[in-house]
Amino acid sequence: MPLVNVDWHLLRARARDAATRSYAPYSRVRVGASALTSSGEIIEGSNVENASYGLTLCAECALVGDLVRVDGGRLLAVSVVAGDGEPLTPCGRCRQLLFEHGGAELLIDAGEGETPRRLDELLPGAFGPEDLKTRATS
Ligand code: THU
């Protein structure tokens, strides 16, 4: 990871704010995500549920959408919190989404006073874009 100072308090505050603007009428679990990007911006996302439950978009999906929208480069550090304000560990699908845009070294908030975790701790042996380059046979 590039040597950058991550303001985890700020990231968590932005994630908490995003959680207040989620759409979660079914589970009532509001989730907000924020990230520091390689372009130096802080981006956000919130979960958006659907009456067809399986179509729910996690906060991290919206976060990645925001990253692409602002042309923010790579994800460097991510905080995901639930409506209670406490960090939430990204679900399996979202670990894969985050891996695409942040890689193994992406730092994930583990909460106040805790050491952030690298994504490869949460998603060891990940399949990613490099595999597509090296494994295609035609
Ligand atoms: N959720 C997220 O937004 N991110 C996660 O990583 C885990 C789950 C949302 C999806 C759904 O709206 C609610 O939390 C309950 O599963």
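1. An oxygen atom of the ligand sits 2.7 Å from an N or O atom in the side chain of Glu60. Another entry of this kind involves Glu49, where an N or O atom of the side chain is 2.5 Å from an oxygen atom of the ligand. A polar backbone atom of Cys91 is 2.9 Å from an oxygen atom of the ligand. Taken alone, the ligand exposes 370 Å², and the protein buries 79% of that; accessible areas come from the Shrake-Rupley method with a 1.4 Å probe, and for residues only the protein chains shown count as cover.

2. On the basis of the values: this is a predicted model, in which local features need pLDDT of at least 70 and side-chain atom pairs count only at pLDDT 80 or more, while totals for chains, interfaces and linings use all residues. Residues are numbered from 1 along each chain as its sequence is written, and side-chain values use heavy atoms, with hydrogens and water left out.

3. Which residues surround the ligand? They are Ser27, Val29, Val31, Asn47, Glu49, Thr56, Cys58, Ala59, Glu60, Leu88, Pro90 and Cys91 (a residue is near a molecule if one of its heavy atoms lies within 4 Å of it).

4. Helix α1 covers residues 8-19; helices (H or I, at least four residues) and strands (E, at least two) are DSSP runs, numbered from the N terminus. At 1.5 Å a residue its twelve residues should span 16 Å, and the end C-alpha atoms are 16 Å apart, which agrees. The expected span is 1.5 Å times one less than the number of residues.

5. The buried residues of α1 are Trp8, Leu11, Arg12, Ala15, Ala18 and Ala19. Seen down the helix axis they fall within an arc of 120°, so they line one face of α1; the arc is that of the directions from the axis to the C-beta atoms. An α-helix has 3.6 residues a turn, so residues three or four places apart point the same way. The cover over the buried residues of α1 includes β1 (31-37), β2 (42-46), β3 (75-82) and β4 (107-108).

6. Ala13 also belongs to α1, but counts as partly exposed at 39% relative accessibility. Buried means under 20% relative accessible area, exposed over 50%, and partly exposed in between (1.4 Å probe, protein chains only). Ala13 and Ser79 are 66 residues apart in sequence, yet 9.2 Å apart in space, C-alpha to C-alpha.

7. In helix α3 (residues 92-102) the buried residues are Cys94, Arg95, Leu98, Phe99 and Gly102. They cover an arc of only 150° around the axis, which puts them on the same side of α3. These buried residues pack against α2 (59-69), β3, β4 and α4 (119-122). Just after α3, Gly103 takes a positive phi of about 75°.

8. Leaving aside neighbours within four places in sequence, Thr37 is in contact (heavy atoms within 4.5 Å) with Ile43, Leu67, Gly72, Arg74 and Leu76. The Thr37 side chain reaches the backbone oxygen of Gly72 at 3.5 Å. A polar contact is a pair of N or O atoms within 3.5 Å; within protein, one must be able to donate a hydrogen and the other to accept it, and residues adjacent in sequence count only if both atoms are side-chain atoms.

9. Asn50 lies in the loop between β2 and α2 and is partly exposed, at 31% relative accessible area. A polar atom of the Asn50 side chain lies 2.8 Å from the backbone nitrogen of Ser52.
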